[in-house]
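Here is a short briefing to read alongside the model. Have the sequence and the 3D view open, and follow along topic by topic.

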Amino acid sequence: MKMVLAAVRPEKLDVIKKALEEKGFVAMSIFEMTGRGEQKGILLEYRGEDVAVDTLPKIMLMMVVNHNDLDSVISIIRASGRTGHIGDGKIFVLPVEKMARVRTDETW
Ligand SMILES: Nc1ncnc2c1ncn2[C@@H]1O[C@H](COP(=O)(O)OP(=O)(O)OP(=O)(O)O)[C@@H](O)[C@H]1O
Ligand SMILES: [Mg+2]
């Protein structure tokens, strides 16, 4: 099993979620957070003033998936989360040792 941590645009969450669901990937955890990538700070204009922003709101999508599904999940998040502009996000993959359902004694 692998853990997929995808930092994505908040406004893309719904379309990413729907695209994943259409391919059968339903279970996920969603965290609201802020972060920054390679551009460090950015300049935004607010009411005619330049405002330096150090970090931007992002959504961190966390999913534990079978190794066999990893490439599909990454492709779906890319295809549905991409605008082509900087800040589209980043996907991290970690190994998962174990998953255990609370309701039953199943473990994976
Ligand atoms: N190396 C990293 N370590 C931890 N988190 C990161 C890293 N790179 C990006 N992130 C997270 O991903 C979010 C989105 O990053 P972002 O899309 O700006 O990446 P990027 O590498 O700068 O790509 P781009 O050039 O497309 O903007 C960041 O706000 C941050 O939360
Ligand atoms: Mg960036």
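Strand 3 (residues 42–46) and strand 4 (residues 49–53) are joined by five bridges and pair in the antiparallel sense; two strands count as paired if DSSP finds at least two bridges between them. This is a predicted model, in which local features need pLDDT of at least 70, side-chain atom pairs count only at pLDDT 80 or more, and totals for chains, interfaces and linings use all residues. Residues are numbered from 1 along each chain as its sequence is written, chains are lettered from A and ligands numbered from 1 in the order in which they are written, and side-chain values use heavy atoms, with hydrogens and water left out.

**The hairpin**
- Across the pair, Glu-45 faces Asp-50 of strand 4.
- Two residues lie between strand 3 and strand 4 in this hairpin, and Arg-47 has a positive phi near 50 degrees.
- Helices (H or I, at least four residues) and strands (E, at least two) are DSSP runs, numbered from the N terminus.

- Four strands form an open sheet in the order 2-5-1-6, with antiparallel pairing.
- Its edges are strand 2 (29–35) and strand 6 (89–95), each of which pairs on one side only.
- On average, neighbouring strands here are turned by 25 degrees against each other, direction ignored.
- Strand 2 runs antiparallel to strand 5 (residues 56–65), and seven bridges join them.
- Gly-35 has Leu-56 of strand 5 as its bridge partner.

**The two helices**
- Helix 1 (residues 13–22) packs with helix 2 (residues 70–81) at about 140 degrees, and their axes are 9 Å apart.
- Axes are lines fitted to C-alpha atoms, for helices over the stretch in contact, and angles run from 0 to 180 degrees between N-to-C directions.
- Helix 1 contributes Val-15, Ile-16, Ala-19 and Leu-20 to the contact, while helix 2 contributes Val-73, Ile-76, Ile-77, Ser-80 and Gly-81; contact means heavy atoms within 4.5 Å.
- Helix 1 lies across strand 1 (2–8), strand 2 and strand 5, at about 15 degrees to strand 5.
- Helix 2 lies across strand 1, strand 5 and strand 6, at about 5 degrees to strand 1.

**Around ligand 1**
- Which residues come nearest to ligand 1? Of the 14 around it, they are Gly-35, Glu-38, Gly-87, Gly-89 and Lys-90, where near means a heavy atom within 4 Å.
- A polar backbone atom of Glu-38 is 2.7 Å from an oxygen atom of ligand 1.
- For Gly-87, a polar backbone atom is 2.6 Å from a ligand 1 oxygen atom.

Note on methods. Polar contact = N/O pair within 3.5 Å; in protein donor to acceptor, adjacent residues only side chain to side chain.
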